[in-house]
Amino acid sequence: MALNTDYIEKKDLLSNASATGSYSTVKGGTYIWSAEGTFSSATLQLQAKNANGTATDISGATLTAAGFVSVLLGANAEVRVAVTGSPSAIYSSLVAVP
């Protein structure tokens with residue numbers, strides 16, 4: 001019997017991107033943030049929107065090459081991936097840990 005994963009929250013934050021993505025709202029909890037693509041010395045930073053609407057870097061959630069990071073996010077957090085540099089074909093997602 002296949003494992004039913006329909007209940008697991010997954011957000012695609014970047015898809016074939018080369019610039020900072022839009023905000024996406026998550027339910028909150030523990031997530032695995034991943035990214036892959038052609039980094040070309042670029043840096044990806046996971047950010048959350050504060051109550052006043054400004055973006056704040058999430059501590060420990062920076063990637064300079066393909067990889068995974070575990071992050072803890074608050075309820076109804078609005079998150080995005082900020083891109084510095086000139087990467088290409090970057091894919092990034094956030095998956096809740098059940």
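Which residues is Q45 in contact with, leaving aside its neighbours within four places in sequence? I started there and got W33, D57, I58, A61, T62, R80, V81 and A82, taking contact as heavy atoms within 4.5 Å.

**Ground rules.** I am working on a predicted model, where local features need pLDDT of at least 70, side-chain atom pairs count only at pLDDT 80 or more, and totals for chains, interfaces and linings use all residues. Residues are numbered from 1 along each chain as its sequence is written, and side-chain values use heavy atoms, with hydrogens and water left out.

**Q45.** I placed Q45 in strand 4, residues 43–49; strands here are DSSP runs (E, at least two residues), numbered from the N terminus. I looked up the exposure of Q45 and found a relative accessible area of 12%, so I wrote it down as buried. My cut-offs are under 20% for buried, over 50% for exposed and partly exposed in between, with a 1.4 Å probe and protein chains only. The side chains of Q45 and T62 are joined by a polar contact of 2.4 Å. A polar contact is a pair of N or O atoms within 3.5 Å; within protein, one must be able to donate a hydrogen and the other to accept it, and residues adjacent in sequence count only if both atoms are side-chain atoms.

I traced an open sheet of 4 strands in the order 2-7-4-5, with antiparallel pairing. Strand 2 (24–25) and strand 5 are at the edges with a single partner strand each, so one side of each has no neighbour in the sheet. Two strands pair if DSSP finds at least two bridges between them; I found 6 bridges joining strand 4 to strand 7. Within that antiparallel pair, L44 is opposite V83 in strand 7.

**Salt bridges.** How many salt bridges does a search of the whole structure find? I got 2, using a side-chain nitrogen of Lys or Arg within 4 Å of a carboxyl oxygen of Asp or Glu. One is K49 with E78, the closest N and O atoms being 3.4 Å apart. K49 is in strand 4 and E78 in strand 7, so the pair ties together parts 29 residues apart in sequence. I have K49 as partly exposed at 31% relative accessible area, and E78 as partly exposed at 30%. I also noted D12 with K10, at 2.9 Å from N to O; D12 counts as exposed, at 55% relative accessibility.

**Core.** The largest nonpolar core has 24 residues, and those with the most contacts inside it are W33, L46, V71, L73, V79 and L94. I counted a core as buried Ala, Val, Leu, Ile, Met, Phe, Trp, Tyr and Cys residues joined through side-chain atoms within 4.5 Å. Among the elements giving two or more residues to this core are strand 1 (10–17), strand 3 (29–38) and strand 8 (88–96). I then followed L73, which touches V26, G28, G29, Y31, I58, V79 and L94, not counting residues up to four places away in sequence.

**S92.** Is S92 buried or exposed? S92 counts as buried, at 3% relative accessibility, and I find it in strand 8. Its side chain makes a polar contact of 2.7 Å with that of W33. Leaving aside neighbours within four places in sequence, I listed its contacts as K11, D12, L13, L14, W33, S34, A35 and V81.
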